[in-house]
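Reader: I am new to this structure and would like to learn how to read its features one at a time. Could you take me through them slowly, with the general idea before each case?

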Amino acid sequence: MKRFLTVDDIGDLKAALAEAQQVKKTPFAWQELGRNKTIIIIFFNSSLRTRLSTQKAALNMGMNPIVLNINGDSWKLETEMGVVMDGDKTEHLREAIPVIGSYCDIIGVRSFAKFEDRKSEYEESIINQFIQYSGRPVISLESATRHPCQAFADLITIDEYKGSIKRPKVVLTWAPHPRALPQAVPNSFAEWMRAAEKQGMVDFVLTCPEGYDLAPEFMKGVKLERDQKKAFDGADFIYAKNWSSYEQYGQILSKDMSWTVDAEHMSWTNNAKFMHCLPVRRNMIVTDEVIDSPNSIVIPEAANRVFSAQVVIKRMLESL
Ligand code: CP
């Protein structure tokens, strides 16, 4: 595996899920594979889960992880090509990327959308520069448009908690938030759930207010139910998330608190499990009562971030 950005990069989902369970059962079994190998994980933005779970996954594999916080520890980096660098940016990504590549075997990058230029952000200009110029396998740790390590962990979690239900109904619901958030998590979740649906593993429904449809490539084939109550009917998993508008790029069009997932919302479901990628704003996205209930699986979902990352790192090490 040379890059991990989309669901296509993981290949067969059932094989990936089986590998995740194998890794979870014996996390230290591949330490020789990672011995004397280095992963550099680069953060242009804040993180708790991604930062720690990727390091833990690398340590499980016997690797040496190095973390670089671009805005705190390094020179300020210019990311646009062809600009006159007469501002506050000291170094260009074009040099920084191959330098970083020369110090490691695998690179992970987190770089959120800034909502400045939809076209450039949906072309994934930053992570694609890492892929093009680093000479190393590159893991997206959340890019402008996708968060594949999260979506893979979400699929592992659904697979673990579906019990005897062969084809669980999984609902992705928009919920209100005070700040404009990227579309990366819902995009990836929709992409991975559609892929799982095609293999008969889930029944996927998206519900959101007008103006919050995802980009056309992520809506393709997705069942959209505008009525949140109808969408929740009979659901086995509720995945709540806020995102800003794609159509009116980066804008907040609604803060309608009737979309907040509360106990009444959960009563419309088939005793559904509650999921969220975290961090979550309590009593905006979800009420305390729901997130603190026995049906909330947000902590095991976050714990699975180690194993989604470890499968990806393992596959990359195997293909070095
Ligand atoms: N879910 C997730 O990616 O969390 P962090 O932003 O804390 O890494």
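Reader: Which residue stands opposite Tyr-239 in β12?

Author: Before the case, a word on what is shown: this is a predicted model, in which local features need pLDDT of at least 70 and side-chain atom pairs count only at pLDDT 80 or more, while totals for chains, interfaces and linings use all residues. Residues are numbered from 1 along each chain as its sequence is written, and side-chain values use heavy atoms, with hydrogens and water left out. Helices (H or I, at least four residues) and strands (E, at least two) are DSSP runs numbered from the N terminus, and two strands pair if DSSP finds at least two bridges between them. In this case, the residue opposite Tyr-239 is Met-275 in β12. Strand β11, residues 237-241, is joined to β12 by three bridges, and the two run parallel.

Reader: In what order do the five strands of the open sheet lie?

Author: The order is β10-β9-β8-β11-β12, with parallel pairing. Strands β10 (223-224) and β12 (273-275) are at the edges and have a single partner strand each, so one side of each is left without a neighbour in the sheet. Contact here means heavy atoms within 4.5 Å, and axes are lines fitted to C-alpha atoms, for helices over the stretch in contact, with angles from 0 to 180 degrees between N-to-C directions. With those terms, helix α9 (residues 184-198) packs on the sheet, where it touches β8 (169-174), β9 (203-207), β10 and β11, and its direction makes about 150° with that of β9. Within the sheet, β8 and β11 are paired in the parallel sense over five bridges, and Val-170 has Phe-237 of β11 opposite it.

Reader: Are the residues of β11 buried or exposed?

Author: The general idea is a cut-off on relative accessible area: buried means under 20%, exposed over 50%, and partly exposed in between, using a 1.4 Å probe and protein chains only. Five of the five residues of β11 are buried, and the strand is mostly covered. Phe-237, Tyr-239 and Lys-241 point one way, while Ile-238 and Ala-240 point the other way, and all are buried.

Reader: How many residues of strand β2 are buried?

Author: Six of the six residues of β2 (residues 38-43) are buried, so the strand is largely enclosed by the rest of the structure. Thr-38, Ile-40 and Ile-42 point to one side, and Ile-39, Ile-41 and Phe-43 to the other. Six bridges link β2 in parallel with β3 (residues 64-69), and Ile-41 has Val-67 as its bridge partner there.

Reader: Which residues touch the most other members of the largest nonpolar core?

Author: A nonpolar core is a set of buried Ala, Val, Leu, Ile, Met, Phe, Trp, Tyr and Cys residues joined through side-chain atoms within 4.5 Å. The largest one here has 67 residues, of which Phe-4, Ile-10, Ile-139, Phe-152 and Ile-313 touch the most other members. Helix α15 (residues 305-318) gives the most to this core, with eight residues. Apart from this core lies another, of 20 residues, among them Ala-231, Phe-232, Val-261 and Ile-285.

Reader: Which residues line the largest cavity?

Author: On a 1 Å grid over the protein atoms alone, a cavity is a set of points where a 1.4 Å probe fits but cannot get out, and lining residues have an atom within 4 Å of a point. The residues lining the largest cavity are Leu-17, Leu-155, Ile-158, Asp-159, Lys-162, Met-201 and Val-202. Helix α8 (residues 148-161) supplies the largest share of that lining, three residues.

Reader: Is Glu-124 buried or exposed?

Author: Glu-124 counts as buried, at 5% relative accessibility. Glu-124 lies in the loop between α6 (118-122) and α7 (125-133), and has a positive phi of about 55° although it is not a glycine.

Notes: 1 Å grid on protein atoms, 1.4 Å probe; cavity = no way out; pocket = protein on both sides within 12 Å on 5 of 7 lines; lining within 4 Å.
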